[in-house]
Amino acid sequence: MTFEESFTQTFATVSLEGSQVVLEGLRESDSSPETVETLLASIEECKDYLAEHLPWVDGTDAIDLKKRIRSWVLAEQLSQGGCWKILEKSSNSLTGFIMLDVNLKNRSATVSYWLLKKYSGKGYMTESLKLLSLYTFLTLKLNRMELFASVENEKSAAVAFRCGFHEEGICRDFELKNGIFVDHRRFSKLARDL
């Protein structure tokens, strides 16, 4: 059996549990009008906070969110990636999301994430990234994870460092945000770094 065949049989956005958070895979049912409206309301509560590093937040609506959810569900079905809801374990409240884009040919994945403002600074993202890293390396048998953070996003860089990622350098003009090109820092972690 090839690596790709083995990966396709193994990959799923399974639930991952830590001491503070539970990562729960996004499902088609999460695109229901009620769920989308609840998520949209949560985003609206901290829109300025999120928009600082997530340009897609400005102008997003229920139709856009529904499309995003469906694209992540499809990516999982095609074994190309997945999206997990980050739930606060004690209350089962949605705190944010963590996503994995898979490149099977290179046995690597790019991770991205975000938290709602009221859950920031509690260690939830650090634990989420550690859980997903273990799953990526030990279960999925990928060799490399990488993430990108704008040079102004010190919180995201701090999460990467706490989770054992190594900074590789600056990607110049990596993202067009609000009409301005922004540099990003590139981080990586290898299976042998565990």
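**Exercise 1.** Determine what radius of gyration a compact globule of 194 residues would have, and set the value of this predicted model against it.

*Solution.* Begin with the expectation, which for a compact globule with 194 residues lies near 16 Å. Next take the value of the chain itself, which is 16 Å and therefore agrees with that expectation. Finally, consider the contacts with a separation of 6 or more, of which 63% join residues 24 or more positions apart.

**Exercise 2.** Describe the order of helices and strands along the chain.

*Solution.* Count the elements, which come to six helices and eight strands. Then read along the sequence, where these elements follow the pattern α-β-β-α-α-α-β-β-β-α-β-α-β-β.

**Exercise 3.** Classify the aromatic pair formed by F7 and F11, and decide whether each of the two residues is buried or exposed.

*Solution.* The whole structure holds eight aromatic pairs. In the pair of F7 and F11, the centres lie 5.4 Å apart and the planes are at 15 degrees; because planes under 30 degrees apart count as stacked, this pair is stacked. For burial the cut-off is under 20% relative accessible area, so F7, at 1%, is buried, and F11, at 7%, is buried as well. Together with F3, these two residues form one aromatic cluster.

**Exercise 4.** Characterise the aromatic pair of F97 and W114, and locate both residues in the chain.

*Solution.* With 5.2 Å centre to centre and 40 degrees between the planes, the pair is tilted. F97 belongs to strand β4 (residues 94–103) and W114 to strand β5 (residues 108–115), 17 residues apart, and the pair thus links distant parts of the chain. Both F97 and W114 are buried.

Definitions and conventions. Residues are numbered from 1 along each chain as its sequence is written. This is a predicted model: local features need pLDDT of at least 70, side-chain atom pairs count only at pLDDT 80 or more; totals for chains, interfaces and linings use all residues. Side-chain values use heavy atoms; hydrogens and water are left out. Helices (H or I, at least four residues) and strands (E, at least two) are DSSP runs, numbered from the N terminus. The radius of gyration is taken over C-alpha atoms; the globule rule is 2.2 Å times the number of residues to the power 0.38. Contact means heavy atoms within 4.5 Å. Rings of Phe, Tyr and Trp (its six-membered ring) pair if their centres lie within 6.5 Å; planes under 30 degrees apart count as stacked, over 60 as edge-to-face and the rest as tilted. Buried means under 20% relative accessible area, exposed over 50%, partly exposed in between (1.4 Å probe, protein chains only).
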